[in-house]
Amino acid sequence: MGGLETERVVVGWAARDPSGILSPYTYTLRNTGPEDVLLKVLSCGICHTDIHQVKNELGMSRYPMVPGHEVVGEVVEVGSEVTNFRVGDVVGVGVIVGCCRNCNPCKSDVEQYCNKKIWSYNDVYTDGKTTQGGFAQSMIVDQKFVVKIPDGMSAEQAAPLLCAGLTVYSPLSHFGLNKSGQRGGILGLGGVGHMGVKIAKAMGHHVTVISSSDKKRAEAMEHLGADEYLVSSDATRMQEFADTLDYIIDTVPAVHALEPYLSLLKLDGRLILMGVINAPLQFLTPLVMLGRKSITGSFIGSMKETEEMLEFCKEKGITSMIEVVKMDYVNEALERLEKNDVRYRFVVDVAGSKLEP
């Protein structure tokens, strides 16, 4: 791999402690092998999980931590056994960068459920080196966890698809909900929720956005193309929608009651949990039993599904609604994201930012 045999010094923006404040951090990339790809980071989306991680809200953060798992970059060098990528390709890297390759999930091409998966940041790679994410100049990633960005799709538009878009696409595909005519609900209209509306509409679904207030009605209906808008505190309207939905994608990343939403599902309906919540949720079992309903979860998607999702989004012309920022604004962006003050995904223009102190 030529120059890649030696470690490379790069600059990223890292959190040093649970304050979650990011600042410039110089570190070395891990040693590379013949199946590795070195990429220059162009853009990186900001996910709500980044807040959980930099602030140690899940109790397993390692510092210093360079976050970012919606990464789009340009290939700079490739290893001798890399077959799918070449220098100059625009590629994406998502939430995981490693797996055991031997367990049932790995052999079934759903490596995101491998118990030994390696996260793109806040984890330890096979060589013992800490993984660091996309808020940085460069990354080195095994080719298995790299995906080509379709021609014509901009880096900043593609970035949120690698987590937010995939997180919605995967369960709709896996549970057979990707056929036309389904009636779906999207609970929570943030980064994942807005992609949920767009992808479900592109699949031919009748989509109801469910929110805690009326303030996003116009955006949901006019800008995103939702068919209905339901305020969860409006008991009369909630009753009208009882037993009408085939599925609900629940994107809320905080503790909330499940009963109001279970009642909206038809017989055999699915409530699909996607928010990372570090506390127990509760529900009354008859609400599930008396409609043979399911409460299930889904975690991002496989590399195969990532490729499918990107092609689907290209074919259907699906784009993310984003606010592009420079790295020196990233702390303000994280604060605003925590307050849901973004429509609907921040994307950091990494290549156009000054990363050094």
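Colleague: Is phenylalanine 299 buried, partly exposed or exposed?

Modeller: Let's start with the terms: buried means under 20% relative accessible area, exposed means over 50%, and partly exposed is in between, with a 1.4 Å probe and protein chains only. Phenylalanine 299 has 22% relative accessibility, so this residue counts as partly exposed. Please keep in mind that this is a predicted model, where local features need pLDDT of at least 70, side-chain atom pairs count only at pLDDT 80 or more, and totals for chains, interfaces and linings use all residues. Residues are numbered from 1 along each chain as its sequence is written, and side-chain values use heavy atoms, with hydrogens and water left out.

Colleague: Thanks! How do I read a pair of aromatic rings?

Modeller: Such a pair is described by the distance of the centres and the angle of the planes. Rings of Phe, Tyr and Trp (its six-membered ring) pair if their centres lie within 6.5 Å; planes under 30 degrees apart count as stacked, over 60 as edge-to-face and the rest as tilted. A search of the whole structure finds three aromatic pairs. In one of them, tyrosine 25 and tyrosine 27 have ring centres 5.2 Å apart and planes at 15°, so this pair is stacked. Tyrosine 27 is buried, at 9% relative accessibility.

Colleague: Which ring pairs with phenylalanine 299, and at what angle?

Modeller: That is tryptophan 119: the centres are 5.4 Å apart and the planes stand at 70°, so the pair is edge-to-face. The two residues are 180 apart and link distant parts of the chain, with tryptophan 119 in strand E7 (residues 118-119) and phenylalanine 299 in the loop between strand E17 (294-297) and H10. Here helices (H or I, at least four residues) and strands (E, at least two) are DSSP runs, numbered from the N terminus. Tryptophan 119 is partly exposed, at 28%.

Colleague: Now to charges. How many salt bridges does the structure hold?

Modeller: A salt bridge is a side-chain nitrogen of Lys or Arg within 4 Å of a carboxyl oxygen of Asp or Glu. The structure holds 18 salt bridges. One of them joins arginine 101 and aspartate 142, whose closest N and O atoms are 3.1 Å apart. Arginine 101 lies in the loop between strand E6 (96-98) and helix H2 (104-107) and aspartate 142 in strand E10 (residues 138-142), so the pair ties together parts 41 residues apart in sequence. Arginine 101 is partly exposed at 39%, while aspartate 142 is buried at 9%.

Colleague: Which residues are linked in a network of salt bridges?

Modeller: Glu228, Arg237 and Glu240 are linked in this way.
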